[in-house]
Number of protein chains: 2
Amino acid sequence: MTTATRQRILETAAQLIHRQGYNRTGIQEILQAAGVPKGSFYFYFKSKEDLGLALIEFFGAFWRQQAEAVLDDESQPPLVRLERFFAGFQEYFGQQGCAGGCPVGNLAQEMGDLSPAFGQKLCQAIDFMASRVARVLEQALRAGDLPPGSDPAALAYFIIASWQGALIRMKACKDLAPLDNFQRMVFGRLLAG
Amino acid sequence: MTTATRQRILETAAQLIHRQGYNRTGIQEILQAAGVPKGSFYFYFKSKEDLGLALIEFFGAFWRQQAEAVLDDESQPPLVRLERFFAGFQEYFGQQGCAGGCPVGNLAQEMGDLSPAFGQKLCQAIDFMASRVARVLEQALRAGDLPPGSDPAALAYFIIASWQGALIRMKACKDLAPLDNFQRMVFGRLLAG
């Protein structure tokens with residue numbers, strides 16, 4: 001019961017904050033949308049910042065889940081998995097009307113300069129995102145699907161950055177073309193021999 | 001005088017909003033920091049959104065100025081100019097303690113889903129940023145410094161996205177390493193033959 005309520009607050013906060021930003025979203029609004037009594041917030045979270053930090057883990061868990069479903073599917077070659085991984089997110093953003101963007105990137109933009117605790121946790125979240133991409137690139141390198149001497153970790157950070165930047169343009173332009181361009185440049189050029 | 005006051009409001013708003021975000025920054029705070037009487041804001045701007053839209057042009061003008069100083073310096077080969085262009089911004093972010101990030105990217109994250117007027121103007125600003133990079137890449141292609149068949153416009157959008165994403169990680173991690181990685185991946189890999 002307790003855990004279920006905490007989870008409902010987190011899920012509602014994730015939706016609202018993904019849609020309208022952390023600073024624009026108040027605790028009252030979250031509790032009302034979640035159908036949780038006002039007084040009980042501080043039973044689950046010490047502060048709004050505490051909720052925000054828990055949200056970063058919540059978003060990270062979503063990335064991990066997708067990674068386990070697609071990136072770890074060893075029935076497919078490594079680079080095919082990676083392409084499908086981003087194509088899956090692209091399909092999601094198509095369904096969402098090109099809204100939201102990367103929740104971790106959004107929080108980094110909003111909170112990176114305002115809270116060292118946020119910055120540190122967001123930095124770790126990006127490290128984790130890149131580490132999952134790097135693991136697939138290591139497999140591709142061992143399989144001979146990447147040019148010899150490729151640096152999987154450096155490529156992975158660069159790919160995550162390109163993805164987050166493509167999502168920024170998607171969000172401004174309300175168009176999936178930036179994500180198409182990401183796929184074309186990453187798989188047709190950056191990772192091509 | 002009128003133009004000077006409007007410019008002072010814009011410059012102050014640019015600094016405050018770059019540091020703490022659009023939604024966290026109030027009109028009163030901007031006017032107080034600019035030393036402009038409260039009542040006079042609406043003489044220069046119709047609304048906070050009107051100021052925000054003018055800010056996008058203000059940030060775009062800064063990009064244009066840097067582009068004219070560095071990207072148009074035909075005494076240097078095109079790709080050397082491009083590398084210096086981003087190195088100049090990297091030096092700036094080093095001086096700023098890795099704060100701020102891309103002001104256009106920040107506004108896209110904050111406002112892309114909340115205001116169609118913002119979204120449209122930010123989309124145009126990113127188009128403009130990419131167009132200046134594409135122009136240098138066209139020159140590099142003609143000079144034989146890029147692999148034949150390279151698409152300057154597609155590469156330019158991808159480079160801008162990678163840059164904005166690298167700035168997100170810089171801001172979260174308070175570290176210039178993401179910008180070093182950007183330079184290495186763009187000039188050592190993406191654009192290399």
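Mentor: Let us begin with a term needed later: two residues are in contact if their C-beta atoms, placed from the backbone, lie within 7 Å. Please keep in mind throughout that this is a predicted model.

Trainee: How many residues of chain B are in contact with chain A, and which elements supply them?

Mentor: By the 7 Å criterion, 44 residues of chain B are in contact with 44 residues of chain A. The elements of chain B that give two or more residues to this side are helix 1 (2–20), helix 6 (103–111), helix 7 (116–142), helix 8 (152–173) and helix 9 (177–190), and helix 8 gives the most, with 16 residues. By class, the side of chain B that touches chain A has 21 nonpolar, 14 polar and 9 charged residues.

Trainee: Why is the relation between chain A and chain B called that of a two-fold axis?

Mentor: Chain B can be laid on chain A by a turn of 180 degrees and a shift of 0.0 Å along the axis, with an RMSD of 0.0 Å, and this is therefore the relation of a two-fold axis. The same surface serves both copies, as 100% of the contact residues of chain B recur in chain A. Of the residues of chain B, B:Ser162 comes closest to the rotation axis, with its C-alpha at 1.9 Å.

Trainee: How is chain A divided, and what joins its parts?

Mentor: Chain A is divided into domain 1 (1–45) and domain 2 (48–190), and their C-alpha centres lie 26 Å apart. Between them, 11 residues of domain 1 of chain A are in contact with 15 residues of domain 2 of chain A. On the domain 1 side, the largest share, 6 residues, comes from helix 1 (residues 2–20) of chain A, and the residues of that side divide into 7 nonpolar, 3 polar and 1 charged.

Notes
Residues numbered from 1 in each chain as written. Chains lettered and ligands numbered in written order. Predicted model: local features only at pLDDT ≥ 70, side-chain atom pairs only at ≥ 80, totals over all residues. Helix = DSSP H or I, 4+ residues; strand = E, 2+ residues; numbered from the N terminus. Nonpolar A, V, L, I, M, F, W, Y, C, P; charged D, E, K, R; others polar. Least-squares fit on C-alpha atoms with pLDDT ≥ 70 in both. Domains from an automatic or database assignment.
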